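Please look over the sequence and the structure shown below before reading on.

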Amino acid sequence: MVCVQFSNRKEAFLFYQFLFDTSSRQQLNGEIKKDRGSWSVEVYESQKNTAPRVSRAITNILCRRKLNAWMEGILRHRFYYEDRDEIERVVKLSSKIKEDPPEGVVIPPIDLYVERFVRKAVIEQEDILFDDLSADCLEYLYHDLLDFTGKLLDEYKLEEAHQMMVDSWRRRVNNNDTGVHLLHVLYDERVRYFYSEGNEVRRGELLNYLKSHPDPLIQNLPADWGILPALIYSPEELVIYSDRQGEAKLELLMNIFEEKAVWKPLSHFPFLKA
């Protein structure tokens, strides 16, 4: 028999549901009991047969209910963050970072470390105190969690700076009247801009415009085509033609121009693709 004891009712029932309500070829026998304010889940099977599923159930609860709280504690007590909303934004970013780590950034596989620790603990014990196991798990991975949280903060600061930049550009395109009402953006192998009449925007025209209308907000942007023409001319409508969803520059344009931007398939481009 394997017994897992909880001081928290919700965690006990989550464990029970995960263990007994999930579909499996091997049905387990067991029950949940309450005794003086604590709850225990007893599994009437051999430890060898139940250990993998008990391990997965405990890991699931730790990753879902404990990791975020542990990161919040590190943010408060090691990085001295106090604003609840900001802490929540940082912690929320952790799921995204785990699923898609930034290029060149190596993050500790925290969920995997939790899984390894729990699997070893479950194999070695028949009577498991969930609270003690949770505290031991935090101690086991604390330095890796500290490393992960630090890298998470770096990405959060980058995202915050990026969002501030996007907000500035958004205000610019909303308030800047250059007389250009519509720009077509064609993206196949590269980004090309066209006026509403169909003639292509040329680099010389943009340079001349910038000389006569200097703008410190965009003067340090890279000289490649990218989003620069759209920012300079700030059209009232931007129509993007591409079959490549997820292209970073185009997504950025959509984010800046919001309802002013429309995305259409490449085949809808109204001019000859010379």
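The model is predicted, and the values given here are computed from it.

**Nonpolar cores**

- The largest nonpolar core has 46 residues, and those with the most contacts inside it are Val4, Phe15, Ile58 and Leu62.
- At least two residues of this core come from each of strand E1 (2-6), helix H1 (9-21), strand E3 (38-43), helix H2 (47-77), H3, helix H4 (110-124) and H5, while the largest share, eleven residues, is supplied by H2.
- Apart from this core lies another one, of 28 residues, among them Ile227, Ala230, Leu252 and Ala261.
- When residues up to four places away in sequence are not counted, Ile58 touches Val4, Phe15, Val118, Val122, Ile128, Phe130 and Leu133.

- Thr149 lies in helix H5, and it counts as buried because its relative accessibility is 1%, where buried means under 20%.
- Leaving aside neighbours within four places in sequence, Thr149 is in contact with Met71, Ile74, Leu75 and Phe79.

**The largest pocket**

- The largest pocket has a volume of about 310 Å³, and its lining includes Lys96, Asp100, Glu155, Glu159 and His162.
- Helix H3 (84-99) and helix H5 (130-175) each supply at least two residues of this lining, with the largest share, four residues, coming from H5.
- By residue type, the lining of the largest pocket divides into five nonpolar, one polar and four charged residues.

**Salt bridges**

- Side chains of opposite charge can pair when their charged atoms come close.
- The count of salt bridges comes to 14, and one network of them links Glu11, Arg65 and Lys66.
- Glu159 and Lys96, which both belong to the lining of the largest pocket, meet in a salt bridge of 2.9 Å, N to O; the pair links distant parts of the chain, with Glu159 in helix H5 and Lys96 in helix H3, 63 residues apart.
- Glu159 is partly exposed at 34% relative accessibility, and Lys96 is partly exposed with a relative accessible area of 48%.
- Glu72 forms a salt bridge with Arg76, the closest N and O atoms being 3.2 Å apart, and because the two are four residues apart in helix H2, about one helical turn separates them.
- In helix H4, Glu124 and Lys120 are likewise four residues apart, so that about one helical turn lies between them, and their side chains meet in a salt bridge of 2.7 Å, N to O.
- Glu124 is exposed, with a relative accessible area of 54%, and Lys120 also counts as exposed, at 53% relative accessibility.

Key
Residues numbered from 1 in each chain as written. Predicted model: local features only at pLDDT ≥ 70, side-chain atom pairs only at ≥ 80, totals over all residues. Heavy atoms only, no water. 1 Å grid on protein atoms, 1.4 Å probe; cavity = no way out; pocket = protein on both sides within 12 Å on 5 of 7 lines; lining within 4 Å. Points joined across faces, edges and corners; volume = space filled by probe spheres on them. Nonpolar A, V, L, I, M, F, W, Y, C, P; charged D, E, K, R; others polar. Core = buried A, V, L, I, M, F, W, Y, C linked by side-chain atoms within 4.5 Å. Buried < 20%, exposed > 50% of the residue type's maximum accessible area, 1.4 Å probe, protein only. Contact = heavy atoms within 4.5 Å. Salt bridge = Lys/Arg side-chain N within 4 Å of Asp/Glu carboxyl O.
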